[in-house]
Amino acid sequence: MIKLLRIARREYLAYVRTPGFWLSLLLLPVGLSTIVLVPMVMNRSSPTPIVTVVDFTPFGLTAVVRRTLAEHGPGGRPRAIVVPPPEAFPADAAQLRGRLSPYLQGARTLPGGRGLDAAVIIRPAGESVAIDYWSRNVTEGGLEDTVGNAITAQMRRIRLQHLGVDQATLARVDASNPVVNFYSPKAAAGKVSLADRLPGLAGLAMGMLLWMVVLTGAGMLLNSVMEEKTSRIIEVLLSSASVPEIMGGKILGVACVTGTILAFWMSIAAVLLTLRSPDLAGAMAGVFLDHARWAYFALYFLGGYLMFATLYVTIGAFCETSREAQTLLGPMMIIMSIPPLFMSQAIAHPDAPLMRTLSWVPLFTPFMMAARAANEPPLWEVAATAALMFGVTALELWVAVPAFKSGALATGRFDLRLFFTSLARRQAP
Amino acid sequence: MRDDVGGARPALSVEGLTKRYGAFTAVDDLSFTLRAGDILGFLGPNGAGKTTTVRMILGLVVPTAGRINLLGEDDPAKVRDKIGFLPEERGLYRRMTPVQAIGFLASLKGLSTAEGRRRGRELLIAHGMEDVLTRPIKSLSKGMAQKVQILSTLAHGPDLVILDEPFSGLDPANQQALEDLIRGVARDGATVIFSTHVMQHAERLCDQVLLMANGRKVFDGTVEAARTAAPRTLVLEGRFDPAALADLPGIADVSTAPIEDGAVRVILALKKGAPAQDALREAFTKGLDILRFELREPHLHDAFLVLTNGGGGEGEA
């Protein structure tokens with residue numbers, strides 16, 4: 001056991017001393033900060049758009065647009081500033097467009113030197129109105145919908161007033177939108193809240209986390225074994241420790257590397273969540289503590305990691321170059337691409353026959369069962385799928401131990417026949 | 001086979017060791033014994049079965065048949081910590097320093113990491129490598145890195161050291177240093193097995209040589225005994241007709257090579273036990289114009305060629 005721990009320690013330190021480890025450590029905090037901060041900075045640094053409104057209708061819609069755009073948008077600033085048209089406008093909408101065009105193209109500026117960002121031209125169209133929204137930027141989005149919705153609502157009111165509906169009735173109609181409440185027997189208080197949805201999200205997160213750990217750990221394990229095989233250190237290791245000690249040490253060492261990164265990421269996330277939303281942080285903690293879900297997740301996380309890590313270590317023992325590794329990893333990557341497709345579906349349909357069936361396929365069990373956690377699968381199903389998963393892992397280890405030795409001692413190019421023969425016969429050379 | 005182990009328990013005893021891969025026999029019925037504290041040279045052409053034998057001794061490869069007793073144990077795994085092993089093609093963790101690498105490998109042999117590092121530091125300093133203690137191995141020259149790896153096999157004070165082609169890649173000065181190191185290890189009581197293609201190293205170092213060809217043992221004994229497998233030769237140079245030497249007494253074979261000024265060099269292979277003086281006396285009696293003569297004792301290299309039928313081999317098994 002002490003040799004296993006020493007191999008794990010070396011493996012851990014070997015990765016911790018690389019720049020890649022520190023980059024991985026900082027990846028999530030930096031990435032999250034970028035995702036959160038960049039739009040915020042962009043919003044604050046971008047000037048509020050200047051919009052002019054020309055209304056050819058008799059409905060007084062300019063005031064409606066001005067009021068709507070003056071409301072606070074993201075960042076607490078008005079969505080736009082409505083200014084009068086820069087010059088006297090002609091009665092014809094087509095001519096007006098020609099007048100406004102130099103302002104929108106930047107050839108002319110408004111009084112004060114700023115450019116015009118957009119122009120809203122409202123004109124009669126039969127019994128209704130048409131809105132021409134002209135913008136300096138073809139990819140700018142959002143304002144035209146806001147303007148359109150505001151005018152649509154106002155036109156609805158005007159039309160109803162013409163039909164004789166009084167102001168009080170209109171106000172009651174506006175207030176008559178139904179309140180939809182979502183209830184479920186599985187919700188703690190009957191009414192479904194965010195707290196009730198958290199277990200499902202946590203399950204999906206744990207499944208995705210395992211998926212990421214398996215993928216990143218796979219690369220580390222493969223490279224580690226390949227490096228030792230190429231340099232023949234593996235022979236020295238084999239003459240110093242047993243195969244289970246070597247494999248176990250490597251798997252544990254890489255697990256500690258990925259565990260360190262995850263622990264750091266989760267700590268950052270927990271601190272930020274606690275600072276920003278203590279209630280949500282408490283609810284998240286409750287998700288893991290309630291019904292011993294932490295043990296449930298740990299069970300499948302451990303089994304899943306062990307199952308895939310054993311496979312990757314064994315594959316690495318047969319490869320001397322990354323090209324050889326790619327050959328073997330191809331089918332594995334195809335298999336690994338399946339769980340994410342179904343994990344998100346497992347939240348909405350945790351007991352769908354397909355989800356339940358996939359839960360019984362050992363390679364998918366840890367992902368699917370983690371994603372189905374919120375629906376609390378029956379204990380017998382948990383016990384049986386876990387037993388199957390660990391049984392397959394034990395079988396895999398039983399086959400992999402001699403195969404690892406066989407691969408590690410083989411020289412030359414990767415030999416597919418040797419690989420399968422070694423697995424089938426459980427035989428070192 | 002040398003059985004004269006003097007009553008002491010042999011460090012290694014191999015009996016009927018065989019390894020087959022399907023129809024191919026890599027090692028065939030190999031038996032030998034190695035006395036504790038001796039240096040064994042493991043010789044043979046490529047494909048002779050040396051590496052397979054070493055791997056079986058180390059327990060890395062399971063024999064098809066036969067028995068191995070290593071340091072008193074039938075299971076090599078039980079004495080892993082008492083063995084130091086250097087594989088043929090070598091490398092170390094490139095990002096580690098020599099002290100870290102030696103410390104780690106020694107820690108897998110039962111020492112604490114701190115003790116392994118302390119011994120590693122001592123060994124490196126003792127072998128003139130104090131300047132590289134904390135440099136990453138990837139920055140060392142190939143020779144330096146090889147020395148580090150050789151020292152890593154010794155840091156835990158093994159009872160048996162197995163070195164697979166330890167001299168390959170080393171410059172003459174480092175080869176000499178390694179010879180001294182191997183002698184020192186044996187002097188300190190450890191048993192040493194090393195495989196090599198360079199007969200001079202075996203000749204200078206070994207108490208015992210084991211010669212293999214095509215998976216079979218062709219010789220096991222002292223260097224002196226091995227030399228007797230090759231004939232002594234009498235070299236004559238002068239201006240004479242080589243055909244006149246064919247009927248000299250005690251001559252098994254005659255080969256000729258021209259040298260400058262119209263002279264020839266004739267190499268006369270002597271029959272086993274035949275005195276060179278008789279042939280030499282007869283040559284002078286014939287009145288041949290002999291300018292130089294020399295009696296050559298056979299070297300291990302000559303014995304190697306004779307015992308392996310020219311030293312040819314196949315791919316390494």
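This is a predicted model: local features need pLDDT of at least 70, side-chain atom pairs count only at pLDDT 80 or more; totals for chains, interfaces and linings use all residues.
**Stop 1: chain A as a whole**

Chain A contains 17 helices and four strands. Its radius of gyration is 32 Å, well over the 22 Å that the globule rule gives for 429 residues, so chain A is more spread out than a compact globule. Turn the view to follow the principal axes: along them, the C-alpha trace of chain A spans about 95 × 55 × 40 Å. Of its 429 residues, 32% count as buried. Consider next the contacts in chain A between residues at least 6 apart in sequence: 71% of them join residues at least 24 apart.

**Stop 2: A:T230**

Select helix α7 of chain A, residues 194-230, in which A:T230 is found. A:T230 counts as partly exposed because it has 14 C-beta neighbours inside 10 Å, whereas a buried residue would need 20 or more.

**Stop 3**

Move to chain B and select its strands. Strands of a sheet pair through backbone hydrogen bonds, in either a parallel or an antiparallel manner. Here, an open sheet of three strands shows the order β2-β1-β4 (chain B), with antiparallel pairing. Its edge strands are β2 (24-34) and β4 (65-70) of chain B, each of which pairs on one side only. On average, neighbouring strands of this sheet are turned by 20° against each other, direction ignored.

The opening question can now be answered: strand β1 (residues 12-21) of chain B and β2(B) pair in the antiparallel sense, over seven bridges. To inspect one bridge, select B:L17 together with B:L30, its bridge partner in β2(B).

Then select helix α1 of chain B, residues 50-58, which packs on the sheet and touches β1, β2 and β4 of chain B. The direction of this helix makes about 120° with that of β1(B).

**Stop 4: where the chains meet**

Finally, show both chains. The contact takes 18 residues from chain A and 22 residues from chain B. On the side of chain A that touches chain B, α1 (2-16) and α8 (233-238) of chain A each supply at least two residues. Coloured by class, this side of chain A has eight nonpolar, four polar and six charged residues.

Conventions:
Residues are numbered from 1 along each chain as its sequence is written. Chains are lettered from A and ligands numbered from 1 in the order in which they are written. The radius of gyration is taken over C-alpha atoms; the globule rule is 2.2 Å times the number of residues to the power 0.38. A residue is buried if 20 or more other C-beta atoms lie within 10 Å of its own, exposed if 12 or fewer, and partly exposed in between; C-beta atoms are placed from the backbone. Two residues are in contact if their C-beta atoms, placed from the backbone, lie within 7 Å. Two strands pair if DSSP finds at least two bridges between them. Axes are lines fitted to C-alpha atoms, for helices over the stretch in contact, and angles run from 0 to 180 degrees between N-to-C directions. Ala, Val, Leu, Ile, Met, Phe, Trp, Tyr, Cys and Pro count as nonpolar, Asp, Glu, Lys and Arg as charged, and the others, Gly among them, as polar.
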